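I opened a new page in my notebook for this structure. My plan is to look up one thing at a time and write down what I find.

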Amino acid sequence: MDIDHYQYRKKLLEILRSIANASFVTFDLEMSGISTRPKPGDRTYDVGKATLQQQYDEIKSAAETFQILQMGLTCVEEDREKEYYLARPYNFYVSPKSAEGVDLRLDRIFSFSSSACDFLTKNNFSFGKVFSDGVPYMSRDEEYECREEFNQRADKKAKMENITIASNDSATLDFYRGVRRTITMWHKTRKPKADFVNISHPDGNLVALNGFQRRLVYQLVRNEFPTLQAQARKDGTFMQITEVDDYKEAQYQLRKLRGFNDQIAKQKGLRWIFEALVGGDLSDIDPDWFASKTSDNPKDQLPAIKKELAQIIATLMRKKHVIVGHNLLMDLGFIYKTFIGVLPAKVGHFQQMVHEHFPVVIDTKYLATHNTDAMNPRANLKDLLEPFKKVHVPLIVLHEEHTAYGAAYGKEHEAGFDSWMTAELFVKLSAKLYSTSQASFCLAEEDSKYQYSSLPQHRSPHQGPTSRSCTGPQDMLPPSYHATQLNPKAAIIHDTDEEAAVAATEPKVQQWIPDMGDRFWDVYINKLRANAVQGGVCDLASPVIAEEGEEDDGEDY
């Protein structure tokens, strides 16, 4: 499902609901570039592979130089009653611009890599939609800076420095003294209806005050008339001086703060999804975004919307989300830079921060390549998924409102479609690996039991039975497998039929992947494939922080 910035806030409640109900969430990114190395042979003279720190330095440089152009998200829910996984893919173009109607003085500078542009163009990527349809975002660091600037402007009486007027600057001195006389005369002699006085340009009302003159008026009122306030009128054409009304001033500041918070909430955009995934603060989401504007009275919908939103937020705050991606290390660097802010200098600190936000991360590339050698076939997403295209156990289907990716050949290298492929690969590959591991465990158990039972047994009368039955895992093996174990000659009959021979020993795959608490996942959780580095793995759960003054060589990752 494509979501543009026109729909995004209306659809956000639905997206948050999908995340809250999901068993796991997959994501994928398309970026404007992935490498800042000037030449492919930049490390030509290095001996061996790069350290993890060196690889991270390149990822950090890329994330600070380039921009996420598209983000895909697929929320997958178990439906035990209907016995399938239900997937809801979403596709978002990501805009670096300010949200519509928002002016927070954000100014971002980013680059495009020509090779990335060539690649995306060949895959029919629409660059124009990044700027016309893209959903905005705002990192935590950017929000902090904007709030600091807002607070400084609100506290300008304490922060603003005075302008020093030179003694020989007669024009400025005349203007300053004239303003003082006008305000003093009004303040002493004003009538009840004269509750303000205007300060215009010395040459008359047809000439607007310039910025320097307006600042002089602010300075004069701030320093010499603490019970008064100055406000620019008609785009700064003139200044209006009024008595400070504490109640009205408090109400004005409150309205100003609400307006500012509303702009921040709109600018956050895709960061709301990030905060939902990490259990972050969602309190500033406006329920009014979700009310149907076509109904007679949209406000009538708000109580129900507020109740559902509160329930969803409570679920998201409690939930330990399972995040899945393919070849995730680079993507996590871009996610961090886009939604959190400045990347740490050391890879160990990056690992710690990512693990803190995403406690359970699974890389399908690591899942597919663990315990394989250099002769293993290519491990790109499309090639890995190809053998599973006609596999329907486990069954994973698209939700009826998310069928755009239902064709046999979808939109490869569209982030939403790639996140859907990642979800399908994760379910089918992990189920197969689990079944195989259980079958291997069963065979080892049976072999161990046979060897043990052939030895003389010496048991105390108080000891229980010596035999252990391999219940559970052996049931996953098809009956034909057990038949060949009882009658080895039977296997010869099928030797001419390769498919039958394979079927006889192929473990039965179950519909559901193992629970995340199962020991099966110990090998895979929080391990990211990093082929270019020593050891080929980045373990998020086991960062090694270099001692002060030492280089972080990454050997323990």
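**Entry 1: Glu142.** I looked for Glu142 and found this residue in helix H5, residues 140-154. This is a predicted model, so I keep in mind that my notes rest on a prediction. Is Glu142 buried or exposed? The relative accessibility of Glu142 is 17%. Buried means under 20%, so Glu142 counts as buried. Next I asked which residues Glu142 touches. Leaving out residues up to four places away in sequence, I noted Leu106, Arg108 and Tyr137.

**Entry 2: helix H7.** I checked the length of H7, which covers residues 170-189. H7 has 20 residues, and at 1.5 Å a residue they should span 28 Å. The end C-alpha atoms of H7 are 28 Å apart, so expectation and model agree. Then I listed the buried residues of H7. They are Thr172, Leu173, Phe175, Tyr176, Gly178, Val179, Ile183 and Trp186. What covers them? I found that the cover includes strand E4 (196-199), helix H8 (211-224), strand E5 (228-233) and strand E6 (238-243).

**Entry 3: strand E6 and its partners.** I stayed with E6. Five of its six residues are buried, so E6 is largely enclosed by the rest of the structure. I then looked at how E6 pairs. E4 and E6 run antiparallel and are joined by four bridges. In this pairing I saw Ile199 opposite Met239 of E6. E5 and E6 also run antiparallel, with six bridges between them. Here Gln229 stands opposite Thr242 of E6. How many residues lie between E5 and E6 in their hairpin? I counted four. Lys234, in the turn, has a positive phi of about 50 degrees.

**Entry 4: the six-stranded sheet.** Next I traced an open sheet of six strands. I wrote its order as E8-E7-E1-E2-E3-E9, and its pairing is mixed. Which strands are at the edges? They are E8 (360-363) and E9 (396-398), and each pairs on one side only. From one strand to the next, the twist averages 25 degrees. I zoomed in on E2 (residues 68-79) and E3 (residues 84-93). They run antiparallel and are joined by 10 bridges. One pair I picked out is Gly72 with its bridge partner Asn91 in E3. Helix H1, residues 8-21, lies across E2 and E3. H1 runs at about 145 degrees to E3.

**Entry 5: two crossing helices.** I turned to H2 (residues 52-65) and H13 (residues 347-357). Their axes come within 9 Å. At what angle do the axes cross? The crossing is at roughly 70 degrees, and H2 and H13 are therefore roughly perpendicular to each other. From H2, I noted Leu52, Gln53 and Tyr56 at the contact. They meet Val347, Phe350 and Gln351 of H13. I sorted the residues of this contact: four are nonpolar, two are polar and none is charged.

**Entry 6: the whole chain.** Last, I stepped back. The chain has 19 helices and 11 strands. Of its 557 residues, 43% are buried.

Technical notes. Residues numbered from 1 in each chain as written. Predicted model: local features only at pLDDT ≥ 70, side-chain atom pairs only at ≥ 80, totals over all residues. Heavy atoms only, no water. Axes fitted to C-alpha atoms, helices over the stretch in contact; angles between N-to-C directions. Parallel < 35°, antiparallel > 145°, perpendicular 65-115°, else oblique. Contact = heavy atoms within 4.5 Å. Nonpolar A, V, L, I, M, F, W, Y, C, P; charged D, E, K, R; others polar. Expected span 1.5 Å × (residues − 1). Buried < 20%, exposed > 50% of the residue type's maximum accessible area, 1.4 Å probe, protein only. Pairing = 2+ DSSP bridges.
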